[in-house]
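Subject: Structure handover

Hello,

Here is the structure I said I would pass on. My notes on it follow below, grouped by topic.

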Amino acid sequence: MESLQPSFVATIRANDGVALAAAVYLPEGTGQFPTLFAASPYRFDNNIAPATPIFLWRETGPIDYYLKHGYAFVHLDVRGTGRSGGEYRYMCEAEQRDLHDVIVWITQQSWSNGKVGGIGQSYYARMQWFMGIQNPPGLACIAPYDGNIDTYRSSAYTGGIPGAFPSIWYNSTTRNVNQYPASGPSRFIEWDYVGAVKRHNTYDEFWKQRAAAEKIDKIKVPVFSIGVWTKVDLHLNGNIVGFQRTQSPKKLLVFGSSSLFAAVADFSSIAFHETYLRPFYDCYLKGEKTSYPDEPDVRYFVPGAEEFRSAQTWPPQNISYRTYYLGAGPTGSVLSLNDGSLGADETDGSTGYDYPNPQWRAGVVGFDKNGRPDPVRNVLTFTSAPIEKDVEIAGPIQLNLHASSSNRDTDFIVKLSEQFPPDGAASDGAQPRSRVVTKGWLRASHRAIDTDKSLPCAPWYHHVAPEPIEPGKVYVFEIAVMPTAYRFKKGSRIRLEIANGDSQLTEFVFQHDYTPDKVGRDTIHHSAEHPSHILLPVVQY
């Protein structure tokens, strides 16, 4: 374990009288220092645990690094967690107000220079959005890394489909790190957050008060929004939409970390902060001349090209949308329920499938004869011909799906993938290598779009009053496929995968549980009358 210990633990009175506990870390020497402020339910008592991805909640960044560079660091246990009083209610209005009160308290301390910046990943990042919305005196900047702005849309009910993540996060992470901390007293959090999530299955007042998206235009301080393409299931769209809706000075940076584990490892590394974050903090908290103001407004990594790009806006201005139509196939390139095609021309026909498929085992994933998981064998695929030259995309994506169902509701879970060329003699029944690029989700009854908040190829759903569909009737579902940047290589194929479920084997903790009401038959229509198609933002050079 690391030897880092706080200089002292402070008790801070919130406006409603609740005693909040915060660990205060001060640099060596005397004087007045700028302060980095982090807040979460993960307990500052756990800061002595090693910052490795086995502990995914270790998301403060390297505290000791900032101490060495003249920063104070304050780590708050949010109300109802760790050593703080009160009751935990997941990002409720009281928890948000506490951020204001603690920032004011920091500015009044003899060791403070009066300037505070937000820091941290995931929950810590979401707290930063709320810091900025309240604009307390002394707050000088925020840098939300990997943090969404709307829990309902980003994890609890992606596309209106109930997700497993709230239960996994609350019971396996939040409750566990409080009950079994690295040091300090054990604390069991009584509140039934998972039950609250299930009771509030539409975007009602419970979720609105917990969504930074509702007020993000109130932020006045500089914002450095940092996202990760592979966190498509949870935080990515929040960093992008947060950047787009913020009216204050802002920049966007999106990384290509290979997984959520890599995203945590990156944020824990000194190199990351040395290169990207400290120039931002030094600029706004110390008033120093750094590289940050001269950086492009938008920088993003392009997996496949393995390069960073810069732009003045997101999405970049040098894109044009290319239409790929779903068709009957076959392509002969992959083993799936239908082996459909994806191309420049409309085709006639439709593709139906019954569910649950008898070969599904872990969600919609089955196993081949050798016992290997096969994510595509028993789902629908629509695959292009081998592309003749590299295709680079950057921006939001929309799938316009003409579909009908035997039921009064159904789910569409969509994946866009690169299917790589064959790399030699494949064993019997082996699938081609592939890589998921991005995903999209929509429950049919949640199809109503908020036109005021939507952007081109980025529909934003109301999620307020679900409307059942009429069995057998063909509807056009405008499915938001999460924004991305990626280069498909010459010789590869672009593949679309569609099912009404997913799997813990492929989504890790972001799967959607397959429930007993999902029995029936769905049909994807692809014809001149019903031209199902996906719109890809192709970069023009």
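Predicted model: local features only at pLDDT ≥ 70, side-chain atom pairs only at ≥ 80, totals over all residues.

Leaving aside residues up to four places away in sequence, Tyr281 touches Leu36, Tyr66, Tyr71, Gly118, Ile119, Cys141, Ala143 and Lys286. As background, nonpolar side chains in soluble globular proteins tend to be buried together.

An open sheet is formed by 4 strands in the order 9-10-11-12, with mixed pairing. Strand 9 (223-228) and strand 12 (307-311) are at the edges and have a single partner strand each, so one side of each is left without a neighbour in the sheet. From one strand to the next, the twist averages 15°.

Within this sheet, strand 10 (residues 250-255) and strand 11 (residues 298-302) run parallel and are joined by 3 bridges. Val254 stands opposite Tyr300 of strand 11. Helix 10 (residues 270-285) lies across strand 9, strand 10, strand 11 and strand 12, and runs at about 150° to strand 9.

The pairing of strand 15 with strand 24 (residues 520-525) is antiparallel and covers 6 bridges. Asp354 has Arg521 in strand 24 as its bridge partner.

**Salt bridges**

Arg79 and Asp16 meet through their side chains in a salt bridge, at 3.0 Å from N to O. Arg79 is in the loop between strand 4 (72-77) and helix 2 (93-107), and Asp16 is in the loop between strand 1 (8-13) and strand 2 (19-25), so this pair ties together parts that are 63 residues apart in sequence. Arg79 is buried, at a relative accessible area of 6%, while Asp16 is partly exposed, at 47%.

Lys453 forms a salt bridge with Glu214, and their closest N and O atoms are 3.7 Å apart. Lys453 sits in the loop between strand 21 (434-443) and strand 22 (475-488), and Glu214 in the loop between helix 7 (205-208) and strand 9, so the parts tied together are 239 residues apart in sequence. Lys453 is partly exposed, with 33% relative accessibility; Glu214 is partly exposed too, with a relative accessible area of 32%.

The side chains of Arg487 and Asp390 also meet in a salt bridge, at 3.7 Å from N to O. Arg487 belongs to strand 22 and Asp390 to the loop between strand 18 (380-383) and strand 19 (391-405), so the pair ties together parts that are 97 residues apart in sequence. Asp390 is partly exposed, with a relative accessible area of 33%. Arg487 and Asp390 are also linked with Glu307, Arg309 and Glu392 in a network of salt bridges.

Regards

Key. Residues numbered from 1 in each chain as written. Heavy atoms only, no water. Pairing = 2+ DSSP bridges. Helix = DSSP H or I, 4+ residues; strand = E, 2+ residues; numbered from the N terminus. Axes fitted to C-alpha atoms, helices over the stretch in contact; angles between N-to-C directions. Contact = heavy atoms within 4.5 Å. Salt bridge = Lys/Arg side-chain N within 4 Å of Asp/Glu carboxyl O. Buried < 20%, exposed > 50% of the residue type's maximum accessible area, 1.4 Å probe, protein only.
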